[in-house]
Amino acid sequence: MSSTPTRAAALLPSRGPLRAYAVTTLIDWIGNGLFHTGAIIYFTRVVGLGAAQVGLGLTVAALLGPAMSVPAGRLGDRLGHRRIYLATILVRAVAFAGYLAVGSFAGFLAVVCLISLAESASRPVKNAYLAQLADPTALVAASAYSRVMLNIGFSLGSLGAGAVLALDSRAGYATLVIGNCLSYVLVAGIVLRMPEGNRTGAAATVPGPKRRGALRDGRFLLLAVLSGLLYVNAEVVTIGLPLWISQRTEAPRWSIAALMLLNTALAILLQVRAARGSDTVPGAAVAGRRAGVVLLAACAVTATTAGLPGAWGVAVLAVGVALLTAGELLASASGWGISYGLAAVERQGEYLGAWGLASDLARAGGPLLVAVLVTHGGGAGWLALGALFLTAGTVTVPVATRTPRAPRPAVTRKMAR
């Protein structure tokens, strides 16, 4: 990349497989933004489901989906991550097309569960495929570029969905589904032209003693749980802030949308910069600790807005959102660096699948926790959330940087018998 890149080029990695990978994320999330922005309207207005039925189906799918993370990762380790990733893309395209034929809750439940399983299978093999494409020193940066594309893509898709929602027609709502399906077809076409990658794992650290399965690696799973707790900051932005603003502050309701846009804009502009220094496990652990400190500060600042007049409240809330975003970016970088850095060389897909599983389970109660603390806890509730983030970030450092005990020599074990 040149020393004076254009603004667009600065949001993408250098030309080659990593740029193609980032572009697939952009296209994927344009489709996701298009569909998910109007999904609840499609399900209730076109399919004819009740809101409670939609919520129940999505909950069942969310609980079922993570079961595929580790098996898919193991399959990718054996057959090639690009191959399995491509298969999950095609399954998602076909499954989303199934929404066009859904006319009952049973059909909706079947389709949404299939999609959840495919998405859960896709994440670890996609991440492991990136590890095969990227140099170890560029892997966290490549993940950051991909996250930038995710935010841009979802924003563009949401804008397109807004136009469809304004038309409010059955045919228009069907285009939300078709558009998402087409995005998967485009992604599959790009992935087909991309290289297989290094089957041994380009991002692997120096090999050590052979390790047991990922689900038996307690240290790795604990770090995934700590990372998941830091990721609860996403629920603070999407759930905590809207509840707080509408119930406890004098800030106008429109400020919710403005603050969401601020969060997205800062994430797009600063994610790559925030990821610098997290390409080693110690550096990523420090990023996690910094995330905890910054998120505590964000919660403390937000807690002060309850008694502020409207304009001042919005200004202080903007500071809180900026801090929340900084914490979000540092937490993401920390998770990438630690998960890639500590994944076993020969089982990278399996380990990344286990990371996703443990992290998702850790943050599963996040929406309820945030809603209860913000709604009923007031300022003390915000400080409790901040303390959770600080604890998770602080504990990450000693756990991540601890040197595992070497196994006892085989000779000693034989003598013990």
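This report walks through the overall build of the protein and then looks at a few of its residues.

**Overall build**

Please keep in mind that this is a predicted model. The protein is built with 16 helices and 0 strands. Its C-alpha trace spans about 75 × 50 × 50 Å along the principal axes. The radius of gyration is 22 Å, and this agrees with a compact globule, because such a globule with 417 residues would have a value near 22 Å.

Turning to surface and interior, 48% of the 417 residues count as buried. The accessible surface comes to about 18700 Å², and carbon and sulfur atoms account for 67% of that area.

| Residue | Relative accessible area | Class |
|---|---|---|
| Cys113 | 10% | buried |
| Cys181 | 12% | buried |
| Gly288 | 0% | buried |
| Ser339 | 5% | buried |

**The cysteines**

How many disulfides does a search of the whole structure find? The search finds 0. Cys113 is in no disulfide, and the nearest cysteine sulfur, that of Cys181, lies 18 Å away. Cys181 is likewise in no disulfide, its nearest cysteine sulfur being that of Cys113, at 18 Å. A disulfide needs the two sulfur atoms within 2.5 Å, so the 18 Å between the sulfurs of Cys113 and Cys181 rules out a pairing in this model.

**Gly288 in helix α12**

Gly288 sits in helix α12, which covers residues 281–303. Why does Gly288 count as buried? Its relative accessibility is 0%, and buried means under 20%. Leaving aside residues up to four places away in sequence, Gly288 touches Leu230, Ser334 and Gly393. For a sense of distance, Gly288 and Leu100 are 188 residues apart in sequence and 43 Å apart in space, C-alpha to C-alpha.

**Ser339 in helix α13**

Ser339 belongs to helix α13, residues 310–342. Which backbone oxygen lies 2.7 Å from a polar atom of the Ser339 side chain? That oxygen belongs to Gly335. Ser339 also touches Phe220, Leu352 and Trp355, again not counting residues up to four places away in sequence. With a relative accessibility of 5%, Ser339 counts as buried.

Technical notes
Residues numbered from 1 in each chain as written. Predicted model: local features only at pLDDT ≥ 70, side-chain atom pairs only at ≥ 80, totals over all residues. Heavy atoms only, no water. Buried < 20%, exposed > 50% of the residue type's maximum accessible area, 1.4 Å probe, protein only. Helix = DSSP H or I, 4+ residues; strand = E, 2+ residues; numbered from the N terminus. Contact = heavy atoms within 4.5 Å. Polar contact = N/O pair within 3.5 Å; in protein donor to acceptor, adjacent residues only side chain to side chain. Rg over C-alpha atoms; globule rule 2.2 N^0.38 Å. Areas by Shrake-Rupley, 256 points an atom, 1.4 Å probe, with all protein chains shown as cover.
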